[in-house]
Amino acid sequence: MRTAMIVTVALILSAALPAWAAPTVAGTTNLVAAENGGEIEAFSSQALDEHGQPIDEWSVTNLIDGKHVVGSHTPADSYGWRTKTAPSPEDPAWVVFRLPERRLISRVVVDPVTDDPEWLGRWARNIRVSVSTDGADGPFKRVGSYVVVRRAIKQSFDFTPVEAEWIKLEITSNWGSDHSVGMGEFEVYEAIIGDDHLDQLITRLDSLLDDLKRYRDSQRYQDIQESTEEVTATPDTPADAEEDAAETDQEEAAEEEQGEAEE
Ligand SMILES: [Ca+2]
């Protein structure tokens, strides 16, 4: 009797839960891609040439053009987005994107790679993501603050599903450059609510395939970098060799200690 009552209460409660509390998965269509109707409605700045004119190759619209810098390949007309100045928490670089219509979203994906090499320190580091259903001027509701790692891979950031038509990306820091900040691509994905397990499974597999492709691309990029480093690396000097030997000794000693501790 008591069990039946608990079950009934649980059923009523679950029926009363808002839609987003149902199991969701991120969809696989980038809602903010220009080819899917996504737009940029406002932004803080973009790189200018010596005449004060925007440089198309560094235009803010490159964030949603579906083109990526991969390894040594840079699309001829799209280097990524580069700002005029370096960002700070008080004066972030920002972009307001608009979806074709209001949607429930739960994931953004950042490709930090631009034509500026990683070592220049211009790639985006700390970002904030906010959403609005009112307009490009907000009010905006913060969905998360994230760190984009300094690696040439696309990075996913998931959050509780939220209704959005306008999405504000703020970049509060880069990796050390006082010149500007840049980003290759910004993507937004729908939260798909499904009770149908097969639909969910298909969506998850689609998502997994995308992740695998990203992983493969990043591995290729690493391979290219490593082979470049091998070619350009200077031979070890005797001092380097001694250092290496000392490090190895230390590592071995640490391992031995750990082994003893485990015993
Ligand atoms: Ca792009």
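Among contacts in the chain between residues at least 6 apart in sequence, 78% join residues at least 24 apart, two residues being counted as in contact if their C-beta atoms, placed from the backbone, lie within 7 Å. The structure is a predicted model, in which local features need pLDDT of at least 70 and side-chain atom pairs count only at pLDDT 80 or more, whereas totals for chains, interfaces and linings use all residues. Residues are numbered from 1 along each chain as its sequence is written.

Three helices and nine strands are found in the chain, arranged from the N terminus as α-β-β-β-β-β-β-β-β-β-α-α; helices (H or I, at least four residues) and strands (E, at least two) are DSSP runs, numbered from the N terminus. Strand 4 and strand 7 run antiparallel and are joined by 13 bridges, with Arg-98 having Trp-166 of strand 7 as its bridge partner. Strand 5 is also antiparallel to strand 7, through six bridges, and here Val-129 has Leu-169 of strand 7 as its bridge partner.

Of the 263 residues in the chain, 28% are buried, that is, have 20 or more other C-beta atoms within 10 Å of their own. Leaving aside neighbours within four places in sequence, Phe-97 is in contact with Val-32, Gly-38, Ile-40, Ile-64, Trp-166, Ile-167 and Val-188.

Terms used: A residue is buried if 20 or more other C-beta atoms lie within 10 Å of its own, exposed if 12 or fewer, and partly exposed in between; C-beta atoms are placed from the backbone. Two strands pair if DSSP finds at least two bridges between them.
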